[in-house]
Amino acid sequence: MALHTLPDKTLTAAAVALSPGVSIRASWVQVQANSFSGVARIGDSTITSARGAILTSGGDSQFGPTLGNANAYDLSDIYVLGTPGDTISILYNTN
């Protein structure tokens, strides 16, 4: 098991990838609301304020479970959109 973290990410008014410009393959991923004043959405590049999974408050999280094939999640393809200044924490595993 190779557990990894990324630096806390500060959200902006635009959707941002968990690892912009860098392909990071993970077998599972967890995104957790850290400091929140509003609502955030998580999903693919088409997320909007009305589309994607919801993160609502500090401690709330979304988990991408282990899939049948190793390292199925590419963190550069997972986006978050939320209230500017809010922060998220990212934890993931590689095999």
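1. Arg-25 is partly exposed, because its relative accessible area is 40% (buried is under 20%, exposed is over 50%, and partly exposed is in between, with a 1.4 Å probe and protein chains only). The model is predicted, so local features need pLDDT of at least 70 and side-chain atom pairs count only at pLDDT 80 or more, while totals for chains, interfaces and linings use all residues. Residues are numbered from 1 along each chain as its sequence is written, and side-chain values use heavy atoms, with hydrogens and water left out.

2. What does Arg-25 pair with in a salt bridge? The partner is Asp-74, and the N to O distance between the two side chains is 3.6 Å (a salt bridge is a side-chain nitrogen of Lys or Arg within 4 Å of a carboxyl oxygen of Asp or Glu). The pair joins distant parts of the chain: Arg-25 belongs to strand 3 (residues 25-26) and Asp-74 to strand 8 (residues 73-74), 49 residues apart. Strands (E, at least two residues) and helices (H or I, at least four) are DSSP runs, numbered from the N terminus. Asp-74 counts as buried because its relative accessible area is 11%. The total for the structure is one salt bridge.

3. The protein chain has 10 strands and zero helices. Its radius of gyration is 12 Å, close to the 12 Å of the globule rule for 95 residues, so the chain is as compact as a globular protein of that length (the radius is taken over C-alpha atoms, and the rule is 2.2 Å times the number of residues to the power 0.38). Along the principal axes, the C-alpha atoms fill a box of roughly 35 × 25 × 20 Å.

4. Of the 95 residues in the protein chain, 38% are buried. Among contacts with a separation of 6 or more, 80% are between residues 24 or more positions apart (contact means heavy atoms within 4.5 Å).

5. Asp-86 sits in the loop between strand 9 (79-81) and strand 10 (87-94). Which side chain of opposite charge is nearest to this buried residue? It is Arg-41, 12 Å away, and Asp-86 has no salt bridge (Lys and Arg count as positive, Asp and Glu as negative; His and the chain ends are not counted). A polar atom of the Asp-86 side chain does lie 3.0 Å from the backbone nitrogen of Ser-37. Beyond residues up to four places away in sequence, Asp-86 touches several others, including Lys-9, Leu-11, Phe-36 and Gly-38.

6. Pro-7 is part of strand 1 (residues 2-10). Is Pro-7 buried or exposed? It is exposed, because its relative accessible area is 66%. The C-alpha atoms of Pro-7 and Ser-89 are 7.1 Å apart, although 82 residues separate them in sequence. Ile-47 is 40 residues from Pro-7 along the chain, and their C-alpha atoms are 22 Å apart.

7. Ser-89 lies in strand 10. Its side chain makes a polar contact of 3.0 Å with the side chain of Asp-8 (a pair of N or O atoms within 3.5 Å; within protein, one must be able to donate a hydrogen and the other to accept it, and residues adjacent in sequence count only if both atoms are side-chain atoms). Outside the four places on either side in sequence, Ser-89 also has contacts that include Gln-30, Val-31, Gln-32 and Asn-34.

8. Ser-19 is in the loop between strand 2 (16-17) and strand 3. It is buried, because its relative accessible area is 5%. Setting aside neighbours within four places in sequence, Ser-19 contacts Leu-6, Ile-24, Leu-75 and Ser-76.
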